[in-house]
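Trainee: I'd like to go through the labels in this model one by one. Could you set each value against its cut-off for me?

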Amino acid sequence: MCGIIFLSNVTDKELINEVKKNFRHRGPDDDQVLVFEKANGRFDLIYFTRLAIKETSAGGLQPYTFGDIVTATNGEIYNYLELEESYG
């Protein structure tokens, strides 16, 4: 089971290690943390843990970034074979 955590306006950087320690078991195959520094000394962070079942390649690593946009998802597309046939 994957895990996604978003924290906003954090001031204590030690919290990153605490979050990783407490949630790493949710996704033993990979984990990533993105930290976004703010001007006021605070920061936001996204932490993602991955349990790779069907998509085991590096293409499934998250969070995804698209320019200024960051997203993390948890779920499965059950009709992926149909979609693959239609959209290749």
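This is a predicted model: local features need pLDDT of at least 70, side-chain atom pairs count only at pLDDT 80 or more; totals for chains, interfaces and linings use all residues.

Trainee: Why is glutamate 37 called exposed?

Mentor: Its relative accessible area is 53%, and exposed means over 50%, so glutamate 37 counts as exposed.

Trainee: What makes the contact between lysine 13 and glutamate 37 a salt bridge?

Mentor: A salt bridge needs a side-chain nitrogen of Lys or Arg within 4 Å of a carboxyl oxygen of Asp or Glu. The N to O distance here is 2.5 Å, so the pair qualifies. This pair links distant parts of the chain, 24 residues apart: lysine 13 is in the loop between strand 1 (3–10) and helix 1 (14–23), and glutamate 37 is in strand 2 (residues 30–37). Helices (H or I, at least four residues) and strands (E, at least two) are DSSP runs, numbered from the N terminus. Lysine 13 has a relative accessible area of 45%, so it is partly exposed.

Trainee: How many salt bridges does a search of the whole structure find?

Mentor: Five. Another one joins glutamate 18 and lysine 21, with the closest N and O atoms 3.6 Å apart. Both residues lie in helix 1, three residues apart, about one turn of the helix. Lysine 21 is exposed because it reaches 60%, whereas glutamate 18, at 35%, is partly exposed.

Trainee: Is aspartate 31 buried or exposed?

Mentor: Buried, because its relative accessibility is 18% and the limit is under 20%. Aspartate 31 still forms a salt bridge with arginine 24, at 3.6 Å between the closest N and O atoms. Arginine 24, at 30%, is partly exposed. Lys20, Arg24 and Asp31 are linked in a network of salt bridges.

Trainee: What makes the nonpolar surface patch?

Mentor: Ile77, Tyr80, Leu81, Leu83 and Tyr87 make it, covering about 550 Å². Patch residues have over 30% relative accessible area and no salt bridge; nonpolar side chains (Val, Leu, Ile, Met, Phe, Trp, Tyr) are joined within 5 Å, and like charges within 9 Å. Isoleucine 77 has 52%, so it passes the accessibility limit and even counts as exposed. Isoleucine 77 lies in the loop between strand 5 (69–71) and helix 2 (80–87).

Trainee: Which residues lie nearest the centre of the largest pocket?

Mentor: Lys54, Glu55, Gly75, Glu76 and Ile77, out of 20 lining residues. Strand 3 (43–50) and helix 2 are the elements that give two or more residues to that lining.

Key
Residues are numbered from 1 along each chain as its sequence is written. Side-chain values use heavy atoms; hydrogens and water are left out. Accessible areas come from the Shrake-Rupley method with a 1.4 Å probe; for residues, only the protein chains shown count as cover. Buried means under 20% relative accessible area, exposed over 50%, partly exposed in between (1.4 Å probe, protein chains only). On a 1 Å grid over the protein atoms alone, a cavity is a set of points where a 1.4 Å probe fits but cannot get out, and a pocket is an open set with protein on both sides within 12 Å along at least five of seven lines; lining residues have an atom within 4 Å of a point.
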